[in-house]
Amino acid sequence: MLWIKALHIVFIASWFAGLFYLPRIYVNLAMVEPGSVAERNRLLLMARKLYRFMTILAIPALALGLWLWLYYGIGLGQGQGWMHAKLLIVLALLGYHHSCGVLLRKFENGQMQRSHVWFRWFNEAPVLMMVAAVILVVVKPF
């Protein structure tokens, strides 16, 4: 079980690295001057590659978490409300991940209307979700 837990943590940390960095690329994309085609294309290439890579990282992170939950029973049974709250955060993270893909497609199609300031705030969501998830897993407040 400890190997599964260790790998789960590694893949979660790696997935979060992408969730933290991709919106920073979006901040830069939102700031590209209208005539800077090379800069825009380079940032879009970086964003596409990172989105693909973080999607690949999310799959084992989720699979290993399910393994810990369903096979080893972590978070099952009475008094495990923290796990239900954590699973809600995981669903929110999956929604955030998906929204990053939607935003990428809008950038690629030239349909993005949001400012770099909006993306700076958007970038804070995974930080808050990570803090909440870690507190739930470590402290198990309910």
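**Notebook: helix packing and the nonpolar core**

I looked up how α1 and α2 lie against each other and found that they are roughly antiparallel. The model I worked from is a predicted one.

**Entry 1: α1 and α2**

For α1 and α2 the angle is about 155°, and the axes are 8 Å apart. I then sorted the residues of the contact of α1 with α2 by class and recorded 25 nonpolar, 5 polar and 2 charged residues.

**Entry 2: α2 and α3**

I next turned to α2 and α3. These helices pack at an angle of about 160°, and their axes are 11 Å apart. By the cut-off of 145 degrees, α2 and α3 are therefore roughly antiparallel to each other. The crossing of α2 and α3 is left-handed. I listed the residues in the contact: from α2 they include R40, L44, A47, Y51 and W69, and from α3 they include M83, L87, H97, C100, L104 and F107. By class, the contact of α2 with α3 holds 13 nonpolar, 4 polar and 3 charged residues.

**Entry 3: the nonpolar core**

Which residues have the most contacts inside the largest nonpolar core? I found L22, Y26 and F119, in a core of 33 residues. The elements giving two or more residues to this core are α1 (2–30), α2 (37–71), α3 (81–108), α4 (116–122) and α5 (125–139). Of these, α3 gives the most, with 10 residues. As background, I wrote down that in soluble globular proteins nonpolar side chains tend to be buried together.

I then followed Y26 in particular. Leaving out residues up to four places away in sequence, Y26 touches A47, C100, L103, L104, F107 and F119. Among these, A47 belongs to the α2 side of the contact with α3, while C100, L104 and F107 belong to the α3 side.

**Entry 4: H8**

Is H8 buried or exposed? I located H8 in helix α1 and read its relative accessible area as 13%. Buried means under 20%, so H8 counts as buried. Apart from residues up to four places away in sequence, H8 touches A61, L64, G65, L68 and K86.

Terms used: Residues are numbered from 1 along each chain as its sequence is written. This is a predicted model: local features need pLDDT of at least 70, side-chain atom pairs count only at pLDDT 80 or more; totals for chains, interfaces and linings use all residues. Side-chain values use heavy atoms; hydrogens and water are left out. A nonpolar core is a set of buried Ala, Val, Leu, Ile, Met, Phe, Trp, Tyr and Cys residues joined through side-chain atoms within 4.5 Å. Buried means under 20% relative accessible area, exposed over 50%, partly exposed in between (1.4 Å probe, protein chains only). Helices (H or I, at least four residues) and strands (E, at least two) are DSSP runs, numbered from the N terminus. Contact means heavy atoms within 4.5 Å. Axes are lines fitted to C-alpha atoms, for helices over the stretch in contact, and angles run from 0 to 180 degrees between N-to-C directions. Angles under 35 degrees count as roughly parallel, over 145 as roughly antiparallel, 65 to 115 as roughly perpendicular and the rest as oblique. Ala, Val, Leu, Ile, Met, Phe, Trp, Tyr, Cys and Pro count as nonpolar, Asp, Glu, Lys and Arg as charged, and the others, Gly among them, as polar. A crossing is left-handed if the near helix is turned anticlockwise from the far one by less than a right angle, and right-handed if clockwise.
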